Amino acid sequence: MGTRWSRSDSSLVLLPENQGSGRQRGERDSDDDSLDGLDRQEDIARFPYVEFTGRDSITCPTCQGTGRIPSEQVNELVALIPYSDQRLRPQRTKLYVVMSAVLCLLASSLVAFFLFPRSVVVVDDGIRSVTVQFDHSNMRVLMNMTSMLNFSNPNFFTVLVQSVSCQVLYMKTVIGSQQLDNVITIQPLSQSQVNYTVSVEIGDSASYVYAFCTMPSIKVHNIVVFMQTSVKTSYMVRTAQNSLEAYRYIDCGTNSTYRQPGGGSIAPHPTH
């Protein structure tokens, strides 16, 4: 302990000894701290990365415990995210699942509604006209019978009428037939009509019909014929066949043009 003299500008100043030593000690401590900080950084830089794995931990499979990855794999590797991270829990998951299920159900319902095949409706509209001729030498009655079919397409796609075949029978004997192929294409949700003519010949085994049809004392020479009509339609991957049967009255004594109400029965028989 003591005092220290300091000289400044030709004057002497009396300083306490502990004040001067304290200042020097503070400067010395700050220098030591800075040196210690630099030494610590250098030590940390030289100290290698060490992964301490305990009983409940494993070595990182990406860096194999080195703490570094190759620079060329920076854009290829994915960071490890804890399982409890909120980013791994999508929001509104139930809502998305329900909406997806509803949309799928709606889409399938619409597809089934528009593409589900429906049966084509075929109606026999009866005989429209009859043209009569007589073969007096052979005692035969020759007639051309024109009939009409009405088609209704309830589908959302076109329907092709592949064929129309018809047989006319008198007393269980076939007296005429007709076959039409690739008749018509029916547009979606529309209706169409098809006229077809069957040539009929009555004679030989039924010569009495010629006598009945040419008898002048009778004004109306009606006979009953039985008509069997088969219609084959196709649409998409489905083929259907409709059968129509009906008894018709015709005047075999003269030409006639008329419309008879359709009374044929339709019996669809789909085939694949």
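Which two cysteines form a disulfide, and how far apart are their sulfur atoms? C213 and C252 do, with sulfur atoms 1.8 Å apart. A disulfide here is a pair of cysteine sulfur atoms within 2.5 Å.

The model is predicted: local features need pLDDT of at least 70, side-chain atom pairs count only at pLDDT 80 or more, and totals for chains, interfaces and linings use all residues. Residues are numbered from 1 along each chain as its sequence is written, and side-chain values use heavy atoms, with hydrogens and water left out.

**Overall build**

The protein chain holds three helices and eleven strands. Both kinds of element are DSSP runs numbered from the N terminus: helices are H or I with at least four residues, strands are E with at least two. The order from the N terminus is β-β-α-α-β-β-β-β-β-α-β-β-β-β.

The protein chain has 272 residues, and 26% of them count as buried. Buried means under 20% relative accessible area, exposed means over 50%, and partly exposed lies in between (1.4 Å probe, protein chains only).

Contacts are heavy atoms within 4.5 Å. Among contacts in the protein chain with a separation of 6 or more, 62% are between residues 24 or more positions apart.

**The disulfide**

The structure holds one disulfide. The link of C213 and C252 is left-handed, with -95 degrees about the S-S bond. C213 lies in helix α3 (residues 207-213) and C252 in the loop between β9 and β10 (256-257), so the pair ties together parts 39 residues apart in sequence. C213 is buried at 3% relative accessibility. C252 is buried too, at 0%.

C104 is exposed at 53% relative accessibility, whereas C166 is buried at 3%.

**Salt bridges**

A salt bridge is a side-chain nitrogen of Lys or Arg within 4 Å of a carboxyl oxygen of Asp or Glu. By this rule there are four, including these:

| Pair | N to O distance |
|---|---|
| D124 and R248 | 3.0 Å |
| R140 and D135 | 2.8 Å |
| R140 and E201 | 2.3 Å |

D124 pairs with R248. This pair links distant parts of the chain: D124 is in strand β3 (residues 121-135), R248 in strand β9 (residues 238-251), 124 residues apart. Both D124 and R248 are buried.

R140 meets E201 in a salt bridge. R140 lies in strand β4 (residues 140-153) and E201 in strand β7 (residues 190-202), so the pair ties together parts 61 residues apart in sequence. E201 is partly exposed, at 36% relative accessible area. Shared partners join D135, R140 and E201 into one network. D135 is buried, at 15% relative accessible area.

**Positive phi in two loops**

Most residues other than glycine have a negative phi. M171 has a positive phi, near 55 degrees. M171 sits in the loop between β5 (159-170) and β6 (173-186), and it is exposed at 60% relative accessibility.

M236 also has a positive phi, of about 55 degrees, although it is not a glycine. The loop between β8 (222-235) and β9 holds M236. M236 is exposed, with a relative accessible area of 53%.
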